[in-house]
Amino acid sequence: MPRVVTFHYTLRDPSGRVIDSSAGGEPVVYLEGGGQIIEGLDEQLRSAVSGEKKRVEVPAAKAYGERDPAQVQRVKRALLPVEGELQVGDQFQTDTDRSAPIVTVAAIEGDEVLLDANHSLAGVDLTFEVEIVAARPATVEELAHGHAHGPGGCGPA
Ligand code: ZN
């Protein structure tokens, strides 16, 4: 029976650098198997209980995937929908459509730009320090919707 789990986390890369953390903010709430958190973390928290603190290591393949060299493309600078100066590391959407992929400027070579559409965490093994705040069985409604419900019912938890 899938559960709804609430947890705080600190996410680190292999060098120990903190990438992200929920500390000081709202904890994450998710339905097990609902795809709201990365697969490898969901899998490894299946037996975690309320109050438990756990260190979870997730290989890149079970996190944001391996890097795909085919996702790096060379384009003419003049074709990009970006005003002003471009710098390596800049990120932008390739289209005004909100669902358009986000690309990162990997290199600038003359009037051409190398754009990397891989997720910035692709190819990175992740370590989560997790503290389980709560875990309860999912309701029938949550299972039907495929996501966790907050105190107010359907909508952001
Ligand atoms: Zn719902």
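Reader: Which residues are linked in a network of salt bridges?

Author: In this predicted model, the network of salt bridges links R74, K76, E109, D111 and E112. The search of the whole structure finds 13 salt bridges.

Reader: What makes the contact between D111 and K76 a salt bridge?

Author: The side chains of D111 and K76 meet at 4.0 Å, N to O. The criterion asks for a side-chain nitrogen of Lys or Arg within 4 Å of a carboxyl oxygen of Asp or Glu. The pair of D111 and K76 therefore counts as a salt bridge. D111 lies in the loop between strand 7 (102-109) and strand 8 (112-116), while K76 lies in strand 5 (residues 72-76), so the pair ties together parts that are 35 residues apart in sequence.

Reader: Why are D111 and K76 called partly exposed?

Author: Buried means under 20% relative accessible area and exposed means over 50%, with partly exposed in between. D111 has 47% relative accessibility and therefore counts as partly exposed. K76, at 41%, is also placed in the partly exposed class.

Reader: How do you know whether R46 and D42 are buried or partly exposed?

Author: The relative accessible area of R46 is 43%, so R46 is partly exposed. D42 has 5% relative accessibility, which is under the 20% limit, and therefore counts as buried. R46 and D42 form a salt bridge, with their closest N and O atoms 2.7 Å apart.

Reader: What does the salt bridge of E32 with R3 tie together?

Author: The closest N and O atoms of E32 and R3 are 2.9 Å apart. E32 lies in the loop between strand 3 (28-31) and helix 1 (39-44), and R3 lies in strand 1, so the pair ties together parts that are 29 residues apart in sequence. Both E32 and R3 are buried.

Reader: What makes the arrangement around the zinc ion tetrahedral?

Author: The protein donors are H145 (ND1), H147 (NE2), H149 (NE2) and C154 (SG), at 2.0 to 2.3 Å from the zinc ion. Four donors count as tetrahedral if all angles lie between 85 and 135 degrees. The angles here are 95 to 123°, so the arrangement is tetrahedral. Along the sequence, the donor residues follow the spacing H-x1-H-x1-H-x4-C.

Reader: Why is the protein called more spread out than a compact globule?

Author: The protein has two helices and nine strands. Its radius of gyration is 19 Å, well over the 15 Å that the globule rule gives for 157 residues, so the protein is more spread out than a compact globule. The C-alpha trace spans about 55 × 35 × 30 Å along its principal axes. The protein is divided into domain 1 (3-64 + 122-145) and domain 2 (69-116), and the C-alpha centres of these domains lie 31 Å apart.

Methods:
Residues are numbered from 1 along each chain as its sequence is written. This is a predicted model: local features need pLDDT of at least 70, side-chain atom pairs count only at pLDDT 80 or more; totals for chains, interfaces and linings use all residues. Side-chain values use heavy atoms; hydrogens and water are left out. Donors are N, O and S atoms within 2.8 Å of the metal (3.2 Å for Na, K and Ca); water is not among the atoms, so sites may look incomplete. Four donors count as tetrahedral if all angles lie between 85 and 135 degrees; four count as square planar and six as octahedral if opposite donors are over 155 degrees apart and all others between 65 and 115; anything else is irregular. Domain bounds come from an automatic or database domain assignment. Helices (H or I, at least four residues) and strands (E, at least two) are DSSP runs, numbered from the N terminus. Buried means under 20% relative accessible area, exposed over 50%, partly exposed in between (1.4 Å probe, protein chains only). The radius of gyration is taken over C-alpha atoms; the globule rule is 2.2 Å times the number of residues to the power 0.38.
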